[in-house]
Amino acid sequence: MAFKAAVITFPGSNCDRDMAVALEAVSGEPAIRVWHGDADLPDGLDFIALPGGFSYGDYLRSGAIAAKSPVLRAVIAAAERGVPVLGVCNGFQVLTESGLLPGTLMRNAGQSFVCRTSELEVASTASPFTQGFEAGERLRIPVAHHDGNYFADEATLDGLEGTGRVAFRYLDNPNGSRRDIAGVLSENGRVLGMMPHPERAMEPAAHPSMGGQDGRKLFENVIKGLVAA
Amino acid sequence: MNIRILVRLKPGVLDPQGRAVHHSLDSLGFEGVENVRIGRMIEMNVADGTSDETIKAMCEQLLANMVIEDFAIEKLDAQTEPA
């Protein structure tokens, strides 16, 4: 089965190419590149990725303007049909601003931009993105952000935890996120927002401190799951 | 009609930026400062007769993030119009 993925580019996106390269590396199929002003998405998509970067220069709030762009209406409609949607970093911010995921990403508690490899724990395996992981499996995936401090009210956080919607947790919380949350799933598990960049952890590195391929597994999970379905 | 919208963090939401500014004021020797909170001010000119509901909708849909922020709408008269 040919895997048909789209990567959305906003003005200021800067991880869109990395995301497309990562998807192609795993699926063997080139990802379709979609511009933010497009009102429609290609038909028959298996996967939509919202990449990292600084859409619209982070004006107003990170992800706020992109969340209201024409293409997002099409992404929301596709998500409602069950198309898996992955938002990484700024993509996660766009997902919360659009209402596809609860909560928001505030300025890092330490006020500084953080750029380093983060240690994560897989908190839920009940999604197309995380089904191939072991519960509690540890991953090393880089983060690079200024607004990654996940916030939601206590009732929302309890709801997320109680229904297995926390996908990943930081073992070394770099940004003050409530309950160490690094990634959040939608109610049906088919939308994932995460601050760490799996598309930057695709190849074995000469030394563990320089990276690794833990991110690759996430893409393999999605693509394998779709081929099996 | 000129309006001014103040977008502020809800009470109880930690404001690390406000705290950093507070520390900086402390270090400059200003005493007795508490609860520094940073918000955002948006001024705009809207067509006369724009309803309060419409302005509120602008705030709720885009200008404020209702998860963490509140907003207040101020209608400005001619004397206080932005330059």
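This is a predicted model: local features need pLDDT of at least 70, side-chain atom pairs count only at pLDDT 80 or more; totals for chains, interfaces and linings use all residues.

Residues are numbered from 1 along each chain as its sequence is written, chains are lettered from A and ligands numbered from 1 in the order in which they are written, and side-chain values use heavy atoms, with hydrogens and water left out.

**Pockets**

- The largest pocket holds about 530 Å³ of space. A pocket here is an open set of points on a 1 Å grid over the protein atoms alone, where a 1.4 Å probe fits, with protein on both sides within 12 Å along at least five of seven lines; lining residues have an atom within 4 Å of a point. Points are joined across faces, edges and corners, and the volume is the space filled by probe spheres set on them.
- The largest pocket has 23 lining residues, and A:R61, A:R107, B:Q17, B:R40 and B:E69 are the closest to its centre.
- Two or more lining residues of the largest pocket come from each of β5 (104-106) of chain A and β1 and α1 of chain B. Such helices (H or I, at least four residues) and strands (E, at least two) are DSSP runs, numbered from the N terminus.
- The lining of the largest pocket counts 8 nonpolar, 6 polar and 9 charged residues. In this scheme Ala, Val, Leu, Ile, Met, Phe, Trp, Tyr, Cys and Pro are nonpolar, Asp, Glu, Lys and Arg are charged, and the others, Gly among them, are polar.
- The second largest pocket has about 150 Å³ of space, and its lining includes B:L14, B:D15, B:H22 and B:R37. By class, that lining divides into 3 nonpolar, 3 polar and 3 charged residues.

**A buried valine in chain B**

- B:V13 sits in the loop between β1 (2-9) and α1 (16-27) of chain B.
- With a relative accessible area of 5%, B:V13 is buried. Buried means under 20% relative accessible area, exposed over 50%, and partly exposed in between (1.4 Å probe, protein chains only).
- Leaving aside residues up to four places away in sequence, B:V13 touches A:M106, A:F151, B:R37 and B:I68, where contact means heavy atoms within 4.5 Å.
- B:R37 is 24 residues from B:V13 along the chain, and their C-alpha atoms are separated by 10.0 Å.

**A buried serine in chain A**

- A:S118 belongs to strand β6 (residues 114-122) of chain A, and it is buried at 0% relative accessibility.
- The side chain of A:S118 reaches the backbone oxygen of A:I141 at 2.8 Å.
- Not counting residues up to four places away in sequence, A:S118 touches several residues, including A:L139, A:I141, A:Y170 and A:P196.

**An enclosed helix**

- Helix α3 (residues 90-98) of chain A is largely enclosed by the rest of the structure, because 9 of its 9 residues are buried.
- Among these buried residues are A:N90, A:F92, A:L95 and A:E97.
- A:G99 follows α3(A) and has a positive phi, near 90 degrees.

**Salt bridges**

- Over all chains, a search of the whole structure finds 18 salt bridges. A salt bridge is a side-chain nitrogen of Lys or Arg within 4 Å of a carboxyl oxygen of Asp or Glu.
- A:R61 and A:E97 meet in a salt bridge through their side chains (2.8 Å, N to O). A:R61 lies in the loop between β3 (47-50) and α2 (70-80) of chain A and A:E97 in helix α3, so the pair ties together parts that are 36 residues apart in sequence.
- Both partners are buried: A:R61 at 10% relative accessibility and A:E97 at 11%.
- In helix α5 (residues 214-228) of chain A, A:K217 and A:D214 lie 3 residues apart, about one turn of the helix, and their side chains form a salt bridge (3.9 Å, N to O). A:K217 is partly exposed at 29%, whereas A:D214 is buried at 18%.
- A:R216 and A:E220 also meet in a salt bridge (3.2 Å, N to O). A:R216 is partly exposed at 22%, and A:E220 is partly exposed at 27%.
- A network of salt bridges links A:E154, A:D158, A:E161, A:R169 and A:R179.

Definitions and conventions: A polar contact is a pair of N or O atoms within 3.5 Å; within protein, one must be able to donate a hydrogen and the other to accept it, and residues adjacent in sequence count only if both atoms are side-chain atoms.
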